[in-house]
Amino acid sequence: LKKRLSTIENIILARDLGSKPSNDLYPETFAQIIKKTKFKNTKVKIFDSKKIEKLWLGLLHNVWKWSSKKPYMVIMERIVDKKLPTIWLVWKGITFDTWWIQVKPWDHMYEMKGDMCWAAATFATMKDLDDKDLNVNIIACVVLAENHISWEAYKPSDIVKSYSWKTIDIIH
C-alpha cells in the first residue's frame with residue numbers, strides 16, 4: 001500500500017480535477033495548478049496565448065478565440081537519459097466544450113466540463129511518474145482551452161493553418 005499511495009493520490013487528483021466546475025477550472029487555473037506542482041525530476045514549460053499565437057498553433061488559437069478564457073499549452077518533460085526511448089502523452093484539455101455553433105442537445109451540455117478529463121489524467125500520470133525509477137523518457141503535452149460561442153468563432157467552411165503549416169478545412 002505504501003508503494004502505491006502516491007498512485008492512489010494521483011488517481012484521486014485526476015478525478016477531483018474532472019469533477020471541478022468549469023467556472024473554477026478553466027485553462028489558466030489548470031495551468032497554474034500544474035505550475036505550482038513541486039516536481040523533482042520533471043521540467044514544466046507553460047505557453048500562454050501570446051506564445052501560442054507566436055508559434056502559429058492555429059488550431060488551438062482558433063478554439064479559444066470564442067471564449068474570454070485564454071488558452072494555455074503545458075509541456076512536462078521527464079528526461080532520464082537522451083539515449084533511451086521517449087514516450088509522448090498528448091491530450092486536449094477542453095475545460096468546457098459547447099461544440100461551437102453546432103450546440104449539443106441540452107441533456108449532453110452538462111457533461112462538457114469532462115472534455116478535460118484525459119488532460120487531468122495525463123497531468124496526474126506525470127506527477128506520479130516524477131520520482132519513479134524509469135528506463136524511458138516521458139514527455140507530456142496538454143493543450144488547455146475553453147470552447148465557447150462568440151462572434152469570433154470559426155465556422156464550418158473556414159480553413160485554419162496548423163502548426164505544421166498544413167491547412168485544415170473545418171467541416172463540422
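What follows is a short walk through this structure, from the overall fold to single residues. The model is predicted.

Start with the chain as a whole. The chain holds six helices and six strands. Read along the sequence, these elements follow the pattern α-α-β-α-α-β-β-α-α-β-β-β. Of the 172 residues in the chain, 41% are buried. Take the contacts with a separation of 6 or more: 76% of them join residues 24 or more positions apart.

Now turn to a pair of helices. Helix α2 covers residues 27–36, and helix α6 covers residues 117–129. Their axes lie 11 Å apart and pack at an angle of about 10°. Angles under 35 degrees count as roughly parallel, so α2 and α6 are roughly parallel to each other. Which residues in α2 and α6 meet? From α2 come Phe30, Ile33 and Ile34. From α6 come Ala119, Ala120 and Phe123. By class, this contact of α2 with α6 has six nonpolar residues, with no polar and no charged ones.

Stay with helix α6, which also carries aspartate 128. Is aspartate 128 buried or exposed? Its relative accessibility is 11%. Buried means under 20%, so aspartate 128 counts as buried. The side chain of aspartate 128 has a polar partner: it makes a polar contact with the side chain of serine 6, at 3.0 Å. Leaving out residues up to four places away in sequence, aspartate 128 touches Ser6, Thr7 and Asn10.

Next comes strand β3, residues 86–97, where leucine 89 is found. Leucine 89 is partly exposed, with a relative accessible area of 23%. Which residues does leucine 89 touch, not counting residues up to four places away in sequence? Thr122, Thr125 and Met126 are among them. Ile138, Ile139, Ala140 and Cys141 are also touched by leucine 89. Leucine 89 and phenylalanine 123 are 34 residues apart in sequence, and their C-alpha atoms are 9.5 Å apart in space. Phe123 is also one of the α6 residues that meet α2.

Cysteines deserve a brief stop. How many disulfides does a search of the whole structure find? The search finds zero. Two cysteines can be described by their accessibility. Cysteine 117 counts as partly exposed, at 34% relative accessibility. Cysteine 141 is buried, with a relative accessible area of 8%. Cys141 is also one of the residues that leucine 89 touches.

The walk ends with strands β5 and β6. Strand β5 spans 159–161 and β6 spans 167–169, with tryptophan 165 in the loop between them. Tryptophan 165 is partly exposed, with a relative accessible area of 48%. Strand β6 itself contains aspartate 169. Aspartate 169 counts as partly exposed, at 45% relative accessibility. Where does aspartate 169 lie relative to aspartate 158? The two are 11 residues apart in sequence and 6.1 Å apart in space, C-alpha to C-alpha.

Terms used:
Residues are numbered from 1 along each chain as its sequence is written. This is a predicted model: local features need pLDDT of at least 70, side-chain atom pairs count only at pLDDT 80 or more; totals for chains, interfaces and linings use all residues. Side-chain values use heavy atoms; hydrogens and water are left out. Axes are lines fitted to C-alpha atoms, for helices over the stretch in contact, and angles run from 0 to 180 degrees between N-to-C directions. Helices (H or I, at least four residues) and strands (E, at least two) are DSSP runs, numbered from the N terminus. Angles under 35 degrees count as roughly parallel, over 145 as roughly antiparallel, 65 to 115 as roughly perpendicular and the rest as oblique. Contact means heavy atoms within 4.5 Å. Ala, Val, Leu, Ile, Met, Phe, Trp, Tyr, Cys and Pro count as nonpolar, Asp, Glu, Lys and Arg as charged, and the others, Gly among them, as polar. Buried means under 20% relative accessible area, exposed over 50%, partly exposed in between (1.4 Å probe, protein chains only). A polar contact is a pair of N or O atoms within 3.5 Å; within protein, one must be able to donate a hydrogen and the other to accept it, and residues adjacent in sequence count only if both atoms are side-chain atoms. A disulfide is a pair of cysteine sulfur atoms within 2.5 Å.
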